[in-house]
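Subject: Structure handover

Hi,

Here is the structure we talked about. Please open it and keep it beside you while you read.

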Amino acid sequence: MARLTKRELLVGSAALAGASIAMPAVLRAQAIVLRWADGQAMTHPSPQSAAKAAADVKAKTGGRIDIQTFPAGQLGSSRDMVESVASGALTMVTEGAALLGQFVPQLSIIEAPYIWRDPAHMTRALKSPLMDELNKVLVEKRGMRVIGVTYYGVRHLTSGSKPINSVEDMKGFKLRVPEVDTFRAMAEAWGARPTPLNFSELYLALSQGAVDGQENPLPTIQSAKLAEVQKYLILTAHIITPRLVIVNDAAWSKLSEADRTVVRAAIDTASAWQDNEIVTQENGLAESLGKSGMTVIKPDLESFRKPVLASLPAKFESKWGKGLWQRIEAL
């Protein structure tokens, strides 16, 4: 066995010492992992946009920030995922504003039925100081922060059991709604029987007849393959839906300002792609779903709108805050 010379020993010792000094710097340079969940299937533009943002961030940071995405409700129900972000078990989630209203009541107003005149009205409001005010409450009360807003689409009804031409046809109709009080109140105003279900349970419930129908934007109806278990598409356009990208505020605060800027910019770019993709899909999906076998119905829209506006704003005024509905209408 060869013996090391004194010189070799000194060189080796110096190298080891250098490595031990350098080690903490190497550890500090290890990837920062951010876990981002979404309830939508990977065929939907929402988790696709998250994947785009993750790739952008990875490229711009040389892999130092690693955003891991979990689509299709892999990490639980919508409520479970939001709770996990609040606790810090999960870093980020993309979720509807109405569900977040269970954590900060005021937030649910931005997904209320008939609150928005058109997508431009929604975008204008969510870029105004109103969103800063709502975000401040979310941070203070639940330790979560909104760092992105996406356009999810215009919500319409589907039915597997009968055609729906006016609100009169909704009496006794078992309508799946998200587990959100404003959606339940909307269904009740129509005379329907609201049936709250998590989205991951929806296809099976429709296929087994546990519910008669549901409501969602056209891209969601398409990506979830609901045309396979629903016969009628009813173009009610009752809600224009934003979805919010929420982050655990403590985890967000640990990032440097420069890193936060990179992540925000990537989310904004990916969100703009998603918004355009949703609009493009919406423009052609009603016809496409009709060709796939669904019967497309243009109902009496005012019959749906009138009973909701007659009851819902007043019913939730104490939850949202006096005058907030009117303030949004004026934007």
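This is a predicted model: local features need pLDDT of at least 70, side-chain atom pairs count only at pLDDT 80 or more; totals for chains, interfaces and linings use all residues.

**Helix H12**

Start with H12, which runs over residues 301-315. It has 15 residues. From first C-alpha to last it reaches 22 Å, close to the expected 21 Å.

The helix is bent, though. The bend is about 35 degrees and sits at Leu 309. A proline, Pro 313, follows within four residues.

Go to the start of H12 next. There, a side-chain oxygen of Asp 300 comes to within 3.4 Å of the backbone nitrogen of Glu 302.

Which residues of H12 are buried? They are Ser 303, Phe 304, Val 308, Leu 312 and Pro 313. So the proline that follows the bend is among the buried residues, given the cut-off of under 20% relative accessible area.

What do these buried residues pack against? Two strands are on the list: S4 (144-159) and S8 (232-248). The helices are H7 (181-189), H13 (317-320) and H14 (324-330).

Most residues other than glycine have a negative phi. Two residues here go the other way.

Tyr 114 has a positive phi of about 65 degrees. Look for Tyr 114 in the loop between helix H4 (97-100) and helix H5 (119-126). Its relative accessibility is 11%, so Tyr 114 counts as buried.

Ala 237 also has a positive phi, near 50 degrees. Ala 237 is in strand S8, one of the elements that the buried residues of H12 pack against. Is Ala 237 buried, partly exposed or exposed? Its relative accessible area is 35%, so Ala 237 is partly exposed.

**Arg 243**

At 4% relative accessibility, Arg 243 counts as buried.

Which side chains make polar contacts with the side chain of Arg 243? One is Asp 38, at 3.3 Å. Another is Ser 46, at 2.9 Å.

Now look around the arginine, leaving aside neighbours within four places in sequence. Arg 243 is in contact with Asp 38, Gly 39, Gln 40 and Ser 46, among others. The contacts also include Thr 94, Glu 95 and Gly 96. Gly 148, Val 149, Thr 150 and Tyr 152 are on the list as well.

Best wishes

Notes. Residues are numbered from 1 along each chain as its sequence is written. Side-chain values use heavy atoms; hydrogens and water are left out. The expected span of a helix is 1.5 Å times one less than its number of residues. The bend at a residue is the angle between axes fitted to the seven residues ending there and the seven starting there. Buried means under 20% relative accessible area, exposed over 50%, partly exposed in between (1.4 Å probe, protein chains only). Contact means heavy atoms within 4.5 Å. A polar contact is a pair of N or O atoms within 3.5 Å; within protein, one must be able to donate a hydrogen and the other to accept it, and residues adjacent in sequence count only if both atoms are side-chain atoms.
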